[in-house]
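I opened my notebook to get to know a new structure. Come along and look with me.

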Amino acid sequence: MSTGQGGIPDEVIEAVLAKADIVDTVSRYVNLTKQGKYLKGLCPFHSEKTPSFTVTPERQIFYCYGCGKGGNAIKFRMEIEGFSFPEAVRTMAEENDILLPEGQGVPVIPRNPEKERLLEAYELSAKLYHFLLKNTEHGTEAMRYLRSRGMSDKMINQFQIGYAPDRWDTLVQFLEKRSFDLKEMEKGGLLSARHEQDGYLDRFRGRIMFPIHDRTGNVIAFAGRILGEGQPKYLNSPETLLFNKSRTLYNLHQSKASIRKSRQLLLFEGYGDVISAWEAGYHNGVATMGTSLTENQAALMKSIADEVVIVYDGDKAGMAAAMKVIPLLEGVGLRVKIALMSDGLDPDEYIRKFGAERFRHVMETAVSTTKFKLIYLKKNHILLEEDGKIAYAKDALPIIAALHSSTEREVYLRELSSELNLSYESLKQDCNLLRQSMQKKMGDGDNKGNRWNNGRHKKGSQPAPVLLPAYHAAERRLLSLMLQDAEAARYVGEHLGESFNIEDHAAIAAYLYAYYAQGKSPDISRFMSSLHDDRLEKTVSSIMMMEAPAEWNVQVLDDCIREVKKYPQQKMIDQKKEDMIAAERSGDYLRAAQIASEIIALERQ
């Protein structure tokens with residue numbers, strides 16, 4: 001069994017690529033629409049208004065003309081979820097019921113030594129904080145506080161909650177005794193460097209500790225809540241080799257099985273909300289750790305769920321936050337509902353005050369995004385006054401008019417009519433006029449399918465395509481034909497070899513010659529997995545987006561090869577022309593004449 005990238009057998013990589021169709025893989029994260037033989041959508045890797053992210057089912061690759069990212073299905077999972085190559089292959093193999101061969105080292109994901117040591121340090125630190133909370137005097141007050149908040153011992157154990165004593169060197173001493181490099185631990189976010197003298201001190205002091213895990217269950221960061229008064233109320237680990245806030249969701253490692261089963265995810269704002277909901281029987285909750293939801297997190301949710309219920313605080317700030325995340329979630333193709341907490345309470349407080357059954361009712365009566373937007377708008381108007389009613393109606397109608405379903409529009413218009421005591425027919429007429437205006441505007445723009453999606457994209461149009469120099473275009477065409485036909489690659493190998501002018505093109509050609517020498521057939525996706533360079537994968541993806549015909553003849557190849565070989569000579573001619581001008585300016589006319597004859601000889605060639 002031959003071994004490929006990351007020490008993984010080629011057979012496993014090929015089985016994964018055969019099962020993991022590029023369209024199915026990408027569609028879990030991106031809304032794709034068919035355009036000829038391509039599929040297009042808004043790039044998940046950068047903000048854009050005009051779709052430039054392209055998927056080619058025939059070649060099993062993706063490419064974004066905006067940011068240049070490209071590759072096969074494995075590469076897409078690596079980019080979207082921050083996986084290493086072995087992590088992506090293993091995850092995709094498990095998802096597609098592909099057995100990983102024993103004794104091949106595939107299940108063990110190779111990590112660099114620094115990452116390995118940091119993971120060990122975080123795991124030990126989590127155990128230390130949990131022990132200190134439950135078994136020492138240091139944790140007595142913290143334990144009392146947690147119990148006053150309704151936190152049971154079962155939940156404290158389930159979520160491995162701990163306590164960092166209000167001392168400077170508890171963790172420093174603990175890690176030093178176990179021979180960890182303290183400088184490495186400071187870089188990894190567990191310790192802080194002293195300002196006034198050499199040495200290190202604990203980053204977290206006097207705080208209740210919530211371990212943050214990656215999706216596979218490794219502790220990669222902490223959130224520490226201060227015990228008593230003080231700022232900041234919550235202190236999170238900094239961004240490190242292990243921890244990327246914008247790609248992490250609290251409790252995903254425990255909730256993903258329940259989410260995949262129900263295809264529904266509950267989105268909370270805080271750790272306490274997730275924990276209380278878990279105890280109330282909801283095991284499909286995650287939180288964004290007090291930060292704004294990111295596009296990466298939304299894409300991550302789309303990979304395991306079809307529907308998200310936003311369960312934010314019931315106060316004005318919570319409602320405003322929910323309004324902000326709706327377009328992000330709908331933008332990746334998720335169905336969205338909003339659970340309404342009464343009395344301005346957060347979910348944790350609500351469950352403790354009213355109990356699990358009442359919370360269950362709130363979840364079961366979660367409202368649509370349209371209903372929520374109307375409720376949110378209503379709070380900004382005084383409906384007892386005529387002016388307030390008219391202003392509310394004017395704000396509400398564009399939201400109703402944007403709905404595709406005429407039945408839905410009628411339901412909301414009748415509700416609005418009854419609520420404001422206004423004529424249904426006049427509201428319907430205004431709504432239809434608005435729809436006509438919207439459709440006219442949308443006909444001139446992009447993203448016709450999803451108005452709410454546009455809010456997260458930067459303004460601006462795509463830059464005009466750059467016209468490539470003749471030799472550059474010739475090299476790309478050669479590589480395109482070589483990627484699709486082994487005989488074309490053999491011919492180019494004999495007549496040009498690796499004498500491409502652009503370094504990346506020469507490298508791709510070298511990899512192609514080696515690939516075909518192993519007796520492999522043309523397969524773009526499979527070839528990409530043999531590359532070990534991110535930039536080369538992007539270049540191959542870009543080249544394969546060309547409309548170059550797969551059919552070729554020797555004349556086509558010879559014309560391209562001639563153009564490629566001509567470029568170095570042209571560069572030499574240009575350089576000699578500069579030398580001739582310099583010789584003339586310095587008065588060395590004999591030298592200038594000699595260079596002129598050399599230029600003529602080169603041009604004849």
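Before anything else, I noted how elements are named: helices (H or I, at least four residues) and strands (E, at least two) are DSSP runs, numbered from the N terminus. I also noted that this is a predicted model, where local features need pLDDT of at least 70 and side-chain atom pairs count only at pLDDT 80 or more, while totals for chains, interfaces and linings use all residues. Residues are numbered from 1 along each chain as its sequence is written, and side-chain values use heavy atoms, with hydrogens and water left out.

**Entry: Gly-162**

I looked up Gly-162 and found it in strand 6 (residues 162-164). Is Gly-162 buried or exposed? Its relative accessible area is 1%, so I wrote down buried (under 20%; exposed is over 50%, partly exposed in between, with a 1.4 Å probe and protein chains only). Next I checked contacts, meaning heavy atoms within 4.5 Å. Leaving aside neighbours within four places in sequence, Gly-162 is in contact with Tyr-129, His-130, Leu-133, Arg-207, Ile-208 and Met-209.

**Entry: helix 5 and helix 8**

I then turned to helix 5 (residues 113-135) and helix 8 (residues 170-177), whose axes are 11 Å apart and pack at an angle of about 130°. Axes here are lines fitted to C-alpha atoms, for helices over the stretch in contact, and angles run from 0 to 180 degrees between N-to-C directions. That angle makes helix 5 oblique to helix 8 (under 35 degrees is roughly parallel, over 145 roughly antiparallel, 65 to 115 roughly perpendicular, the rest oblique). Which residues meet here? From helix 5 I listed Ala-121, Leu-124, Ser-125, Leu-128, Tyr-129 and Leu-132, and they meet Thr-170, Leu-171, Phe-174 and Leu-175 of helix 8.

**Entry: helix 3 and helix 4**

Helix 3 (residues 73-81) and helix 4 (residues 85-95) pack at about 110°, with axes 9 Å apart. I therefore noted helix 3 as roughly perpendicular to helix 4. On the helix 3 side, Ala-73, Ile-74, Arg-77 and Met-78 meet residues of helix 4, including Phe-85, Val-89 and Glu-95.

**Entry: helix 17**

Helix 17 (residues 386-401) has 16 residues. I found that it reaches 22 Å from its first C-alpha to its last, close to the 22 Å expected at 1.5 Å a residue (1.5 Å times one less than the number of residues). Among its buried residues are Gly-388, Tyr-392 and Leu-397.

**Entry: Thr-539**

Last, I found Thr-539 in helix 24 (residues 534-544). Thr-539 counts as buried because its relative accessibility is 15%. Not counting residues up to four places away in sequence, Thr-539 touches Asp-504, His-505 and Ile-508.
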